[in-house]
Each structure stands twice: as C-alpha cells, then as structure tokens.
Amino acid sequence: MSKAKKGVLLINLGTPDSPAVPDVKRYLIEFLMDGRVIDIPAWRRALLVRGIIVPFRAPNSAKVYQAIWDSQTGSPLLYYSRMQRQLLQERLGDSYHVELAMRYQNPSIPAALANLKKKNVDSIRIIPLFPQYASATTGSVIEKVMEVMRGWQTFPELSVVNEFYDNELMVEVFAENAEKHRPETYDHFLFSYHGLPVRQLLDVDGTGKHVCDQAGCRERIDETNKFCYVAQCYATTRSIAGRLGLKADDYTVCFQSRLGKTPWIQPYTSDVLKDVAARGKKRLLVFSPAFVADCLETIYEIGTEYATEFKEFGGETVQLVESLNDHAKWIIALEQMARGELTGWPTSERLTL
Ligand SMILES: C=CC1=C(C)c2cc3[nH]c(cc4nc(cc5[nH]c(cc1n2)c(C)c5CCC(=O)O)C(CCC(=O)O)=C4C)c(C)c3C=C
Ligand SMILES: [Fe+2]
Ligand SMILES: [Fe+2]
C-alpha cells in the first residue's frame, strides 16, 4: 500500500498558452474578468473588458509575448514556475506531492486540485507565488481554490501562505543577484513593484478608508497596516536595501504596469525614471521583488520599455536584477514554506522592521 502524502500547491498568475492573438485574448479575458482584478460591477466590467480593453490590447500584448517567448521553453513565467515545482519536489522527497497551477489559463487550478485529490493527500499547503499580499493576486487565488473545492466531500487539512514579503532567503537571493552586477558601479537603485488601483487598498485594515500616506505604510509595517500591499512592498525594500547597505537616498520605490485611468499606487515607475534622469543619474539597477520569476513584466517592461524610456530622458543604462527563478536558496525558502517551518504570518519580532 502506498503511504499517505502531504500536498503542496504552488500557484502563480498565469500566461497565455501561446503568444498568438486568440490565446492572448482568452488569457486576458479570463484575467481581466476577475472581479478582484477589475473591481467594478460585473456588467460594466464585461463591457469594458470584452468591448474595449481586450480588442485593443490583445494584438499589442501578443507582440510583446512574442518578443519574450522562447522557441524551446515558451513563456518564461511558466518555464521558471515548472522548474520551481520540479526542484521543490526533489527537495521535499516522496512524502510530498507538489503541483503547480496558474490562476489564469494553464496548468489550471481545477486540474492541479484534481491531481491532489487523486493522490488522496492528508493536507494541502497552498503557496500563492506573490511575496506581498494583494486582493488581485493572493486573494483571487484563495477565492478560486475555495470555489473549486466547494463540492468536495472530504477535505484534507488546508493552509495558505498568505505572504512572504520579509522572507530572509528571498531577500538574500535578490541581494546576491544584485551583487553579480557590482552595485557600486550604479548611481541609483529602483525597487519597481507591480502597481494596483488605490481603491483596492481601502479595506486592508477593515475600515474601508485606509490611506497609505496617513497610515505610514511607506515608513513602517505593524499591526495596523500588516495586510497593506504598499506597506509590505516598502518592508521588502528596506530588507533588501539593508542587506546591501544602501542608504535611503540611494534608492526609490515605484510602481509599474498601470492600466486604465483610475489612480494607482504612486509614484509611477515612468515618472520616477524621468525624475532620476533629471537629477543626473545615468546608471540604474532595478529590482522587481513583486515577482518570484522573470516574466513579461520584468524582461520586457523593465528590461526593454523602461530602459528605452530612461535613455529618452537622458539616462544611459537600466539593468534588471534577475528574479528568484531557480536559485537554490529560493527553493529552500519554498521548502521551508511547504513544510510549515514558515507560516507566512509575520511574527511580532518580524513586524518591527
Ligand atoms: C504582484 C503581482 C501582480 C499584481 C499585483 C498584478 C495586478 C494587476 N495586473 C493587471 C493587468 C495585467 N497584468 C499582466 C501581466 C502580469 N501581471 C503579473 C502580476 C501581477 N499583476 C504578472 C506576473 C504578469 C505577467 C505574466 C506573464 O505571462 O509573463 C497583464 C498581461 C500583459 C499585458 O497585456 O500587459 C495585464 C493586462 C491588473 C489590472 C492588475 C491589478 C488590478
Ligand atoms: Fe499584472
Ligand atoms: Fe497602506
């Protein structure tokens, strides 16, 4: 008789099945029809997404996906995610079964959960692959898992790693990857996180009125703002900057990938690029610690688009710091999360950063 196993489910955001326009359209529709991503009434979302955003955006997105798509390995996000799953399975050994899913498209969450069910696992540890908690990412993953499992008759023990923004090994890998580029040869550092509409943060403290600048989210993280994406992004930044010995003046935190006209978290990366170029900075080293794998947002948006913009503003170089990808220490961090050695809940000591 085979022995009982523990289940682990890694979940990242998702990528199209191919960079062809119909596949990119299907991906964008599933992604942007998620009410946690475009958080407006369903009928308005349907009109906006199906009638305006997807028809206009898909051809251009497809071109960008074609630019980053590898002829052998396909989407970088899926390639590194598969590698992370494989390496984690090797570290955990036979008593664990590790599945990978994407919130949108494939491999799907229903398929991964069906595999775990077939294995009759004792427990499932869900690890959304987003260091900082956001309703649009981790929240959406949790909601989808709940929706799929609703019909199950028996439930294994369930747990979720909500966030790992202050994971020491993660910080160490970003710092080591930066050191390969000789940070002393750069004159400024950016920490560019994926942005969010500001209204998606209003309820992070349960008041419905949260305002990051009043709550001090850029300066500290504590019991009052522990679920705030902005507070977690700044906390990650302080940890990486501290590990590299950077002073507050040496770096700027910014937020990229704005979509639509509503206010998103500021400062926007484009504005910061303009500002630092105007201050005479020529060489930028850019961290992207909202992602655990290189993807369209790092390789193309930072490595190509922002690099071009910075040159137009008078700068010279934008160097992206490689993401966690298949780094051995990152796989150990995943192993610790999978084994429950790190719950993802910050302890009181870790809260005072
Ligand atoms: C921290 C992770 C992410 C957050 C937060 C997030 C929010 C968010 N994203 C969009 C719209 C788009 N994002 C797109 C790509 C994309 N986004 C993330 C991660 C986060 N998104 C990743 C990892 C990727 C890349 C996937 C890949 O295949 O490499 C895209 C698609 C590409 C494009 O057309 O630009 C869109 C659209 C919104 C609206 C949002 C918050 C509400
Ligand atoms: Fe995104
Ligand atoms: Fe905040």
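# A guided reading of a predicted model

Mentor: Helix H2, residues 42-68, has 27 residues, yet its end C-alpha atoms are only 32 Å apart, short of the 39 Å that a straight helix would reach at 1.5 Å a residue. The expected span of a helix is 1.5 Å times one less than its number of residues. Helices (H or I, at least four residues) and strands (E, at least two) are DSSP runs, numbered from the N terminus. This is a predicted model, in which local features need pLDDT of at least 70 and side-chain atom pairs count only at pLDDT 80 or more, while totals for chains, interfaces and linings use all residues. Residues are numbered from 1 along each chain as its sequence is written, and chains are lettered from A and ligands numbered from 1 in the order in which they are written.

Trainee: Where in H2 does the kink lie?

Mentor: A bend at a residue is the angle between axes fitted to the seven residues ending there and the seven starting there. In H2 a kink of about 50° lies at Ile53, shortly before the proline Pro55.

Trainee: Which residues of H2 are buried, and what covers them?

Mentor: A residue is buried if 20 or more other C-beta atoms lie within 10 Å of its own, exposed if 12 or fewer, and partly exposed in between, with C-beta atoms placed from the backbone. The buried residues of H2 are Val49, Val54, Ala58, Ala62, Tyr65 and Ile68. Their cover includes helices H1 (21-32), H3 (76-92) and H10 (296-312). Cover is judged by contacts, that is, C-beta atoms placed from the backbone that lie within 7 Å.

Trainee: How many residues of strand S6 are buried?

Mentor: Six of the six are buried, so S6 is largely enclosed by the rest of the structure. Tyr251, Val253 and Phe255 point one way from the strand, whereas Thr252, Cys254 and Gln256 point the other way.

Trainee: Which way do strand S5 and S6 run, parallel or antiparallel?

Mentor: Two strands pair if DSSP finds at least two bridges between them. S5 (residues 188-194) and S6 run parallel and are joined by six bridges. In one of these, His194 has Gln256 of S6 as its partner.

Trainee: Where is Pro267 placed?

Mentor: Pro267 is in the loop between S6 (251-256) and helix H9 (269-278). A cis peptide bond joins Gln266 to Pro267, with omega about 0°.

Trainee: How many helices and strands does the protein have?

Mentor: The protein has 12 helices and eight strands. Buried residues make up 44% of its 353 residues.

Technical notes: Two residues are in contact if their C-beta atoms, placed from the backbone, lie within 7 Å.
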